[in-house]
Amino acid sequence: MRGVLMIWNYPNFSPNEFTCSCCGKQGVSLDLVSKLQQLRTAVDMPLKISSGYRCDNHPIEKKKKIKGTHNKGLAADILCSGADAHKILCAATELKFSGIGVNMKGNHNQRFIHLDIAKGKNRPTVWSY
């Protein structure tokens, strides 16, 4: 999105799902949303975005020495657990997301898979929280 939203061609997502939770600013990459739409089509189930774009002043980003992929508009976290998490993880690997982080600790409503499309010398990569 990066700036003013002109056209939204992603039937399973709304722009509001990706706005910064602390200020409402939009900054998600449409390349990411396109890839997430491919994922949504592949898994054939709703995907709940728990964190999309994060502005410079977002509490998580403020703690970091170097801003992360959410701040660049290149990442989203998807709430999921159990068999749904496995299905998402398999499809995300097939679709070649470059960053996959898995957090399956805590309550079911706190578990998520981080997906990003960042590029760099240490990509692709997978990690756990």
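**Sheet pairing and helix packing**

In strand 5, Val126 is the bridge partner of Ile100. The model is predicted, with local features requiring pLDDT of at least 70 and side-chain atom pairs counted only at pLDDT 80 or more, whereas totals for chains, interfaces and linings use all residues. Residues are numbered from 1 along each chain as its sequence is written, and side-chain values use heavy atoms, with hydrogens and water left out. Helices (H or I, at least four residues) and strands (E, at least two) are DSSP runs, numbered from the N terminus.

Strand 3 (residues 99–103) and strand 5 (residues 125–128) pair in the parallel sense over four bridges; two strands are taken to pair if DSSP finds at least two bridges between them. Strand 3 is also joined to strand 4 (residues 112–116) by five bridges, and these two strands run antiparallel. Ile100 stands opposite Leu115 in strand 4, and Val102 stands opposite Ile113 in strand 4. Four of the five residues of strand 3 are buried, and the strand is thus mostly covered; buried denotes under 20% relative accessible area, exposed over 50% and partly exposed in between, with a 1.4 Å probe and protein chains only.

The sheet is open and consists of five strands in the order 1-2-4-3-5, with mixed pairing. Its edge strands, each pairing on one side only, are strand 1 (48–51) and strand 5. From one strand to the next, the twist averages 25 degrees.

Helix 1 lies across strand 1, strand 2 (75–79) and strand 4, and runs at about 30 degrees to strand 2. Axes are lines fitted to C-alpha atoms, for helices over the stretch in contact, and angles run from 0 to 180 degrees between N-to-C directions.

The axes of helix 1 (residues 30–43) and helix 3 (residues 82–94) come within 10 Å and cross at roughly 125 degrees. Helix 1 is therefore oblique to helix 3; angles under 35 degrees count as roughly parallel, over 145 as roughly antiparallel, 65 to 115 as roughly perpendicular and the rest as oblique. Leu39, Ala42 and Val43 in helix 1 meet Lys87, Ile88, Ala91 and Ala92 in helix 3, contact meaning heavy atoms within 4.5 Å. The residues of this contact comprise six nonpolar, no polar and one charged. In this classification Ala, Val, Leu, Ile, Met, Phe, Trp, Tyr, Cys and Pro are nonpolar, Asp, Glu, Lys and Arg are charged, and the others, Gly among them, are polar.
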